[in-house]
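I opened my notebook to this model today and wrote down what I looked up, one topic at a time. Here are the entries, friend.

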Amino acid sequence: MRDISDILTHYGEDRKRYFSAVSPPIIQTSNFVFDSIEEFRMNVLNEEHAHVYTRGNNPTVEILCKKLAALEHTEKALVTSSGAAAIACAVTAQVAAGDHVVCVRKPYSWTHRLISELLSRFGVTVTYVDGRNTEEIEYAFDEKTTLLYLESPNSHTFELQDLEACASLAKDHGITTVIDNSYASPYYQNPADFGIDIVVHSGTKYINGHSDVVNGVICGSAESISRIFHGPYMTYGVNISPHDAWLIIRGMRTLQIRMERSSNTALKLINFLNDHSKVERIIYPYLPESDQYDLAQKQMRGCGGLFTTILKANKKEDIIRFCHKLKRFLMAVSWGGHESLIMPSVVFHDVPSKEDSLVPWNYVRFYIGLESYEYLKQDLESALACL
Ligand SMILES: *Cc1c(COP(=O)(O)O)cnc(C)c1O
């Protein structure tokens, strides 16, 4: 297995091809030219690996794909214009009218939309299961099931699935497994090591890590990536621009140190919050009192900077006052960047179109960025005092 620091710093960068430059060039072009019909034909026939048109393959994007495949311990990777696009490509490559999908409950909101609303228009059915219970997953399989969709840990409540058990169960039934690995990042979890077929990411989060590029990642075997490339990837046209690929390569250089910094500060803040009288409970798989602590230790190497705090509050107004009092935690969606964030679930209460994904109003999701522990703790202390 390749050293992770080598992947982030050097791997995939053939510097002799571009004047021995340390930083790769941004090949900002839409198309590539040929000298002869033979050469043109040969490249078109091999569009996935040759350079024909940037909707397919581009040399700057290719460097990024090589690094991502190495990070996830898979043969190949594709990068897409968003995490949602990566999920849509991975899922739709796997289903046809009449097929059945088994999906963990409370997946990322737009994954839920894709599977429940968009796919249902094309005759695909779904069963949502409690992913913590492998027996419930097996019970949901029927002869029409072609896809098991996992998100471990899942959004909001961070429930885990036993990846090794799920992969082996799905293989027994001839079912493909797809996992959203955004929460752990390839730095802390590699689902392919447990036999999961296709790994997707919102690269917008930790992978790029600087809150300035929206992108997605799909990792898998050469065969499965090729099927996705020639199918949904090329037809939907979800490539990223060479410039964005270059920004992600640059952002990824520090993946290791960002992940460690974010995790370490998160753990200290979780300990502080856990002892606080205004906090009812913290949801974080790496807390020893978590129901799935042993499983988390088995299949993850760390947990990152994202957790949910359940606050003791009598009414929504208390939570709103707490959120407004925080000054150093910014209020926003997303996570994985340099800046610490809160996402209070109270935002989505009383919003009709969001009712399906509701978690209780006293849940506040925290993301811990690169600021110092003391700086963030002071902010929390003063905001908690107003509860
Ligand atoms: C953000 C997110 C996505 C969607 O990614 P985009 O890059 O925003 O399209 C998918 N899954 C999870 C778990 C996410 O947090």
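**Salt bridges.** I started with Arg105, which forms a salt bridge with Asp130, the closest N and O atoms being 3.6 Å apart. My rule for a salt bridge is a side-chain nitrogen of Lys or Arg within 4 Å of a carboxyl oxygen of Asp or Glu. This pair links distant parts of the chain, 25 residues apart. I found Arg105 in the loop between strand 2 (100-104) and helix 5, and Asp130 in the loop between strand 3 (125-129) and helix 6 (134-140). Helices (H or I, at least four residues) and strands (E, at least two) are DSSP runs, numbered from the N terminus. By the salt-bridge rule I get a count of 13.

**Ground rules.** I noted that this is a predicted model, where local features need pLDDT of at least 70 and side-chain atom pairs count only at pLDDT 80 or more, while totals for chains, interfaces and linings use all residues. Residues are numbered from 1 along each chain as its sequence is written, and side-chain values use heavy atoms, with hydrogens and water left out.

**Two domains.** I looked up the domain assignment, and the protein chain is given domain 1 (4-252) and domain 2 (255-384); such bounds come from an automatic or database assignment. Their centres, taken over C-alpha atoms, are 27 Å apart. The contact (heavy atoms within 4.5 Å) takes 40 residues from domain 1 and 39 residues from domain 2.

**Their interface.** How much area is buried between domain 1 and domain 2? I read about 3400 Å², with carbon and sulfur atoms giving 56%. Buried area here is the accessible area (1.4 Å probe) that two parts lose on being put together, summed over both. Tyr187, Tyr188 and Tyr206 supply 25% of what domain 1 buries against domain 2, more than any other three residues.

I then counted 2 salt bridges between the domains. I also looked up Glu164, which forms a salt bridge with Lys298, the closest N and O atoms being 2.8 Å apart. Several helices of domain 1 each supply at least two residues of the side that touches domain 2, among them helix 7 (163-172) and helix 8 (185-188). Helix 8 gives the largest share, 4 residues.

**Ligand.** Which residues come nearest to the ligand? I listed Ala84, Asp180, Ser202, Thr204 and Lys205, out of 14 residues around the ligand (a heavy atom within 4 Å). A polar side-chain atom of Thr204 lies 2.7 Å from a ligand oxygen, and a side-chain N or O atom of Lys205 is 2.6 Å from a ligand oxygen. Gly83 places a polar backbone atom 2.9 Å from an oxygen of the ligand.

Most residues other than glycine have a negative phi, and most peptide bonds are trans. Pro153 sits in the loop between strand 4 (145-151) and helix 7. His73 has a positive phi, near 60°, and lies in the loop between helix 3 (59-71) and strand 1 (76-80).

Technical notes:
A polar contact is a pair of N or O atoms within 3.5 Å; within protein, one must be able to donate a hydrogen and the other to accept it, and residues adjacent in sequence count only if both atoms are side-chain atoms.
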